[in-house]
Amino acid sequence: MRITTNLFAAVGAVLTMASCGQNRPASVPQVEILTNDSIAYCESVLADGDRLLVCNFGTDELNPLNTEGKGYVLEWKDGTFRTLIPADGNLSGPKGTLIKDAHLFIADVGKMVVYNLDTLSQAPQVVPFPEGELFVNDMALAGDTLYVTVTNTGNIYSLDVSAPSKLDPQALTLYTNVPGANGIVLRDDVMYVASYPPDGVTTDKNVIYEIGDIRMPHPAPLTDRAGQYDGLALSGDGQRLYFTSWVNGEVGYWDFQNRSVQLLDLADVELSGPARIALCDGVLYIPDLPASRIVIVR
């Protein structure tokens, strides 16, 4: 197994996982590249305590809507990769992930797959989405309500997950619609949704949207800056909304105080397709999907 780490702008610095919390200012900016033979088209990462979960398509070619059943989940902990969920035929294009009550929710092609982390040897639950809802993408949790985006239709669904071991697929309900709904996060009762054009043609509708009150879903553009937005993550203090965009491989953030966009300088690292990000303890984890690698920024 090959593990390669390249560090820019901070010779000899050591980057370790830590539990999620408030952002800590870094004394020296760092950009690190994490690669491994076991990574195969990693679309999303999830920071969970002292480990990082990495979802992989596992296919020979990049196809986010494949149905080959080769998807799997890696765990990176203490500088070592291991397979948490092997390619068991249930995952094909695993994307956004979320953990609630020891259950791992994974958005996949046309469905959501839910594993009990305490009994991974058991078959997972599968929640199928309505016909045509293929690009099931990301999710966010508000109490016992799970919100799930579908990029090809722009629909966002809600589901009661108060009992994760006994989900009712019939309770999946259409919540609202955002053009090209992709990454999604919540800040209190406010929802933010990234827009990605499923046909690859960027329009003025492909921006980051805000729903000011999740009880009354009326999406409105947060900014008029068009892009191919994918992942979203909030800083620990809630003052920055980090995003990725496939246009020029951008990573940046929306500053709520100044109401402006700032792009991150990743030194000499160029991203070909930054996808579902995770932000934990001041460390940003960016899966570069086409390159099968993870870029880590402190």
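**Notes on strand 25**

1. Strand 24 and strand 25 form a hairpin with four residues between them, and serine 292 in the turn has a positive phi of about 50°. Strands here are DSSP runs (E, at least two residues), numbered from the N terminus.

2. This is a predicted model, in which local features need pLDDT of at least 70 and side-chain atom pairs count only at pLDDT 80 or more, while totals for chains, interfaces and linings use all residues. Residues are numbered from 1 along each chain as its sequence is written, and side-chain values use heavy atoms, with hydrogens and water left out.

3. Strand 24 (residues 283–288) pairs with strand 25 in the antiparallel sense over five bridges, pairing being called when DSSP finds at least two bridges between two strands. Proline 287 stands opposite isoleucine 294. Strand 2 (residues 31–36) also pairs with strand 25 in the antiparallel sense, over four bridges, and there glutamate 32 has isoleucine 296 as its bridge partner.

4. Because five of the five residues of strand 25 (residues 293–297) are buried, the strand is largely enclosed by the rest of the structure; buried means under 20% relative accessible area (1.4 Å probe, protein chains only). Arg293, Val295 and Val297 point one way, and Ile294 and Ile296 the other.

5. Isoleucine 294 touches residues including Leu52, Val54 and Tyr285, not counting those up to four places away in sequence, where contact means heavy atoms within 4.5 Å.

Note on methods: Buried < 20%, exposed > 50% of the residue type's maximum accessible area, 1.4 Å probe, protein only.
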